Amino acid sequence: MPVPLAPYPTPPVPFTPPNGTTQSQLVCSGCRNLLLYPVGATSVCCAVCSVVTNVPPPGTEMAQLVCGGCHTLLMYIRGATSVQCSCCHTVNLALEANQVAHVNCGNCRMLLMYQYGARSVKCAVCNFVTSVGASPSSEQKLSG
């Protein structure tokens, strides 16, 4: 005798904030997932790991960077000069966009990022040291 199949469950309705309410985001201090929360909240409880993460005070500008040690997305208060990763404890330089420049490696042509104003940059791929500033066409300053 055939077994009757149950109908597929209806998908949950996605959360939409009430009219006029805006959302912001931060990284969970427990599992590092991106959390969305309504502006005005003072803390957010993660649905994945249940860790409560405090929300920065209103008006605090946040910035993001990818950790150089473990490639985790890190969020930090804009203006900080360094950010320590809570996963691998690597201390990352937190440069503003207008302090970063790019140049192609003089040996392998890999695009390199370095602090604007530096005289040279060492390629992490081939270890070649490329002089910067000597030829302005090879250097691209990013503006923020």
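Strands here are DSSP runs of E of at least two residues, and helices are runs of H or I of at least four, both numbered from the N terminus. With that settled, let me take you through this model, which is a predicted one, beginning with the annotated spans.

The UniProt record, an unreviewed entry, places the feature "domain: Zinc finger LSD1-type" at residues 28-51, 67-91 and 105-129. For residues 28-51, the end C-alpha atoms lie 7 Å apart, and the span is 33% strand and 0% helix. For residues 67-91, the end C-alpha atoms are 8 Å apart, with 36% of the span in strand and 0% in helix.

Next I would like to turn to Arg32, which sits in the loop between β1 and β2, the latter being residues 34-38. Which side chain does the side chain of Arg32 join through a polar contact? The partner is Ser86, at 3.3 Å. If we leave aside residues up to four places away in sequence, Arg32 touches Val27, Thr72, Leu73, Leu74, Ser86 and Cys87.

Finally, the second largest pocket, whose volume is about 340 Å³. Its lining comprises 18 residues, and those nearest the centre of the pocket are Ser24, Tyr37, Val55, Pro56 and Pro57. Two strands, β1 at residues 23-27 and β5 at residues 62-66, each contribute at least two residues to that lining. How do the lining residues of this pocket divide into nonpolar, polar and charged? There are 11 nonpolar residues and seven polar ones, while no charged residue takes part in the lining.

Note on methods: Residues are numbered from 1 along each chain as its sequence is written. This is a predicted model: local features need pLDDT of at least 70, side-chain atom pairs count only at pLDDT 80 or more; totals for chains, interfaces and linings use all residues. Side-chain values use heavy atoms; hydrogens and water are left out. On a 1 Å grid over the protein atoms alone, a cavity is a set of points where a 1.4 Å probe fits but cannot get out, and a pocket is an open set with protein on both sides within 12 Å along at least five of seven lines; lining residues have an atom within 4 Å of a point. Grid points are joined across faces, edges and corners, and a volume is the space filled by probe spheres set on the points. Ala, Val, Leu, Ile, Met, Phe, Trp, Tyr, Cys and Pro count as nonpolar, Asp, Glu, Lys and Arg as charged, and the others, Gly among them, as polar. A polar contact is a pair of N or O atoms within 3.5 Å; within protein, one must be able to donate a hydrogen and the other to accept it, and residues adjacent in sequence count only if both atoms are side-chain atoms. Contact means heavy atoms within 4.5 Å. UniProt positions are given in the numbering used here, feature names are shortened, and annotations may be inferred rather than shown by experiment.
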